[in-house]
Structures are given as structure tokens and as C-alpha cells.
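Hi,

Here is the structure I said I would pass on.

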Amino acid sequence: MAISMYQASIPQFTKMLTNLSNILKKGEEFARAKGMDDAALVEGRLAPDMFPLPKQIQIACDQVKNGMARLAGVEIPKFEDNETTFAQLQERIAKTIAFANSLKPGQVDGTEAKEIKFSIGEWNFEFVGEQYLLTWIIPNFYFHVTTAYDILRHNGVEIGKTDYLGG
């Protein structure tokens, strides 16, 4: 039996966003224990040409809220993309998890062949549902979650694979 579109996405997205929230908590605790300004970690990036931590988390959340809203045929939640603190990033993750959990399997299952069209800047994209989930949403989501993890780890936060994967 093939896994459904819903089962291939929502449970794993909410699990990984919960893990990301826990990783951020460890980042905040690390900053506090070291007497650091939170901004030193929040503004962290892996390389000068890469996005900082907030943008990595924003894009990871956007993959879930935008992608799953398109598949489910519901309005995409609007977030301001103005997070600059651990608390604000936690709030964004919580809102994304709440949105994902509001979707029902019947809204996502059966969208394998649904046409999905959208633009990002000057780039236009066209997918069918299953291709969109498997080749766009999931890889982008994991890239940005992993990069957020890597930024914190690179800056000394004591996190490991079990934090990334969760219990």
C-alpha cells in the first residue's frame, strides 16, 4: 500500500518543526548560559552569502504553510517575515504547526495530480501535486531546517543528531 500524501507530509513536518523548536530552545539557553546577546545567535549564518537563522526558519515554515495550503486548496496563511528574536521564531513555528494540524487528510490526499503553479520573484514554477510535494516542498523544508540546525551547531550550541531527529 502506498503512503498517502497527507501521511508523507503533515506528521513529519510537525515532528521536525517541533524538533526545530526544541533546538531553538537549546540555542536560547546556550546564549543565556554564555552571557551572550541572543542576536549573536539569531543573526548567525553559515557563510556570508547564505541567509541568517531567521530566514532559514521562515523558509522552512513557508514550505509547510504555502505548500500544504496550495495542495489542500486553502488560503495561504500570511506571516510578516519580521522575526528577530528566539521568542518570535518560536511563535512562527507554533503558528505553522497549528496550521499544518488544521489540515485534514481528505484535504491533502488525492492531490497527486493537482496542478500547482506559483512564482517566486521572476521564476515561475509548475508542478503536479505529488511532484510538488516530493521534489519541491520536502527537499526545501529539510534544507532550511538542517541549515538552521547547522547555524546553531556551528556557533557552539550543544545539539546533535538526536535533537535533529527527535525522540
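This is a predicted model: local features need pLDDT of at least 70, side-chain atom pairs count only at pLDDT 80 or more; totals for chains, interfaces and linings use all residues.

I'll start with the helix pairs. Helix α3, residues 53-72, packs on helix α6, residues 129-154, at an angle of about 160 degrees. Their axes are 8 Å apart. Since the angle is over 145 degrees, α3 and α6 are therefore roughly antiparallel to each other. The crossing of α3 past α6 is left-handed. Sorted by class, the residues in this contact are 17 nonpolar, eight polar and one charged.

The other pair is α1 with α4. Here the angle is about 165 degrees, and the axes are 10 Å apart. That angle makes α1 roughly antiparallel to α4 as well, and this crossing is also left-handed. On the α1 side, the residues that meet α4 include Ile10, Leu17, Ser21, Leu24 and Lys25. Among their partners in α4 are Phe86, Leu89, Gln90, Ile93 and Ile97. By class, the α1 contact with α4 has nine nonpolar, seven polar and two charged residues.

Is Gln90 buried or exposed? Its relative accessible area is 16%, which is under the 20% cut-off, so Gln90 counts as buried. Leaving out residues up to four places away in sequence, Gln90 touches Ser21, Leu24 and Lys25.

Now the core. The largest nonpolar core has 48 residues, and Ile57 and Met68 are the ones with the most contacts inside it. Which elements each supply at least two residues of this core? They are α1 (10-34), α2 (38-42), α3, α4, β1 (115-120), β2 (123-128) and α6. The largest share comes from α6, with 11 residues.

Setting aside neighbours within four places in sequence, Met68 is in contact with Ser9, Ile10, Phe13, Gln63, Leu103, Val108, Leu133 and Ile137.

Cheers

Key. Residues are numbered from 1 along each chain as its sequence is written. Side-chain values use heavy atoms; hydrogens and water are left out. Axes are lines fitted to C-alpha atoms, for helices over the stretch in contact, and angles run from 0 to 180 degrees between N-to-C directions. Helices (H or I, at least four residues) and strands (E, at least two) are DSSP runs, numbered from the N terminus. Angles under 35 degrees count as roughly parallel, over 145 as roughly antiparallel, 65 to 115 as roughly perpendicular and the rest as oblique. A crossing is left-handed if the near helix is turned anticlockwise from the far one by less than a right angle, and right-handed if clockwise. Ala, Val, Leu, Ile, Met, Phe, Trp, Tyr, Cys and Pro count as nonpolar, Asp, Glu, Lys and Arg as charged, and the others, Gly among them, as polar. Buried means under 20% relative accessible area, exposed over 50%, partly exposed in between (1.4 Å probe, protein chains only). Contact means heavy atoms within 4.5 Å. A nonpolar core is a set of buried Ala, Val, Leu, Ile, Met, Phe, Trp, Tyr and Cys residues joined through side-chain atoms within 4.5 Å.
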